[in-house]
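Below is a short briefing on a single protein chain, arranged by topic. It goes with the sequence and the coordinates shown here.

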Amino acid sequence: MLKESVLKALSDQVNAEFYSAYLYFGMSAYADRLGYRGVANWLYVQSREEMAHAVHIYRHILERGESPALGDIKAPPASFGSIKEVFEKVLAHERHVSDLINKIASIAMGEQDHATYNFLAWYVSEQVEEEANAEELLSKVKLADNNTGAMYNLDASLAARKFVDPFPQTGD
Ligand code: OFO
């Protein structure tokens, strides 16, 4: 069983992870429309990872004998000013998600829910990686600075990203 405050925080995070997936779907579609197929692929893979993050939390809630409260997922923006703006928003969003994860970890610790606190350790580390990846990509886009050749090469390199299940042991 989970304390009410932990259940609410975890349920909200399921929603936040699905929103992340939805946001990156929207960004992927935007990049695709501009012809940046590699950027679109990177964001699509990112979106799939976010769904896996959501399902993994959902399963933790079920394993603890509770049901998540599944709320509405808000619509993401349909358009962005540029590829640079996309990655600025990715970075800002990942920083926001890091804050959310840290807050849930604090709630779990406050409630002495060591199982949830331990479960969240993976997400804490993941957010360090997510922020680093977003920062690196934003730097590369800024360095390319609308240079067509540099953007073409960056786009080609992002086309190689493949989805890897972050939780192969559970198939989430
Ligand atoms: Fe779920 O890791 Fe990004 O947001």
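**Salt bridges**

Lysine 140 and glutamate 136 are joined by a salt bridge between their side chains, 3.0 Å from N to O. The model is a predicted one.

- Lysine 140 and glutamate 136 are both in helix H4, four residues apart, which is about one turn of the helix.
- Lysine 140 is partly exposed, since its relative accessible area is 37%, and glutamate 136 is also partly exposed, at 43% relative accessibility.
- Lysine 84 forms a salt bridge with glutamate 88, and the closest N and O atoms are 3.1 Å apart.
- Lysine 84 and glutamate 88 both belong to helix H3, where they are four residues apart, about one turn of the helix.
- Lysine 84 has a relative accessible area of 36% and is therefore partly exposed; for glutamate 88 the value is 32%, so glutamate 88 is partly exposed.
- Arginine 95 forms a salt bridge with glutamate 135, with 3.2 Å between the closest N and O atoms.
- This pair links distant parts of the chain, as arginine 95 is in helix H3 and glutamate 135 is in helix H4, 40 residues apart.
- Arginine 95 counts as partly exposed because its relative accessibility is 42%, and glutamate 135, with a relative accessible area of 35%, is partly exposed.

**Nonpolar cores**

- In soluble globular proteins, nonpolar side chains tend to be buried together.
- The largest nonpolar core has 24 residues, and the members that touch the most other members are Met27, Leu43, Ile83, Phe87 and Val90.
- Two or more residues of this core come from each of helix H1 (4-34), helix H2 (37-63), H3, H4 and helix H5 (148-158).
- H1 gives the most to this core, namely six residues.
- Methionine 27 is in contact with Leu43, Phe80, Val86, Lys89 and Val90, leaving aside neighbours within four places in sequence.
- A second, separate core has 18 residues, among them Val6, Ala54, Phe119 and Phe167.

- Tyr22, Phe25, Tyr44 and Ile73 make a nonpolar surface patch of about 370 Å².
- Tyrosine 44 is placed in helix H2.
- Tyrosine 44 counts as partly exposed because its relative accessibility is 40%.
- Serine 47 is found in helix H2 as well.
- Serine 47 has a relative accessible area of 0% and is therefore buried.
- Not counting residues up to four places away in sequence, serine 47 touches Ala21, Tyr24 and Phe25.

- Aspartate 113 lies in the loop between helix H3 (83-110) and helix H4 (114-144).
- The relative accessible area of aspartate 113 is 7%, under the 20% limit, so this residue is buried.
- The side chain of aspartate 113 makes a polar contact with the side chain of arginine 64, at 3.1 Å.
- Aspartate 113 touches Leu2, Val6, Arg64 and Ala108, not counting residues up to four places away in sequence.
- Of these contacts of aspartate 113, Val6 is also included in the second core.

**Leucine 7**

- Leucine 7 has its place in helix H1.
- Leucine 7 counts as buried because its relative accessibility is 12%.
- The residues that leucine 7 touches are Leu2, Ile61, Glu66 and Ser67, not counting residues up to four places away in sequence.
- Leu2 is listed among the contacts of leucine 7 and among those of aspartate 113.
- Leucine 7 and serine 157 are 150 residues apart along the chain, and their C-alpha atoms are separated by 40 Å.

Note on methods. Residues are numbered from 1 along each chain as its sequence is written. This is a predicted model: local features need pLDDT of at least 70, side-chain atom pairs count only at pLDDT 80 or more; totals for chains, interfaces and linings use all residues. Side-chain values use heavy atoms; hydrogens and water are left out. Buried means under 20% relative accessible area, exposed over 50%, partly exposed in between (1.4 Å probe, protein chains only). A polar contact is a pair of N or O atoms within 3.5 Å; within protein, one must be able to donate a hydrogen and the other to accept it, and residues adjacent in sequence count only if both atoms are side-chain atoms. Contact means heavy atoms within 4.5 Å. A nonpolar core is a set of buried Ala, Val, Leu, Ile, Met, Phe, Trp, Tyr and Cys residues joined through side-chain atoms within 4.5 Å. Patches are made of residues with over 30% relative accessible area and no salt bridge: like charges are joined within 9 Å, nonpolar side chains (Val, Leu, Ile, Met, Phe, Trp, Tyr) within 5 Å. Accessible areas come from the Shrake-Rupley method with a 1.4 Å probe; for residues, only the protein chains shown count as cover. A salt bridge is a side-chain nitrogen of Lys or Arg within 4 Å of a carboxyl oxygen of Asp or Glu.
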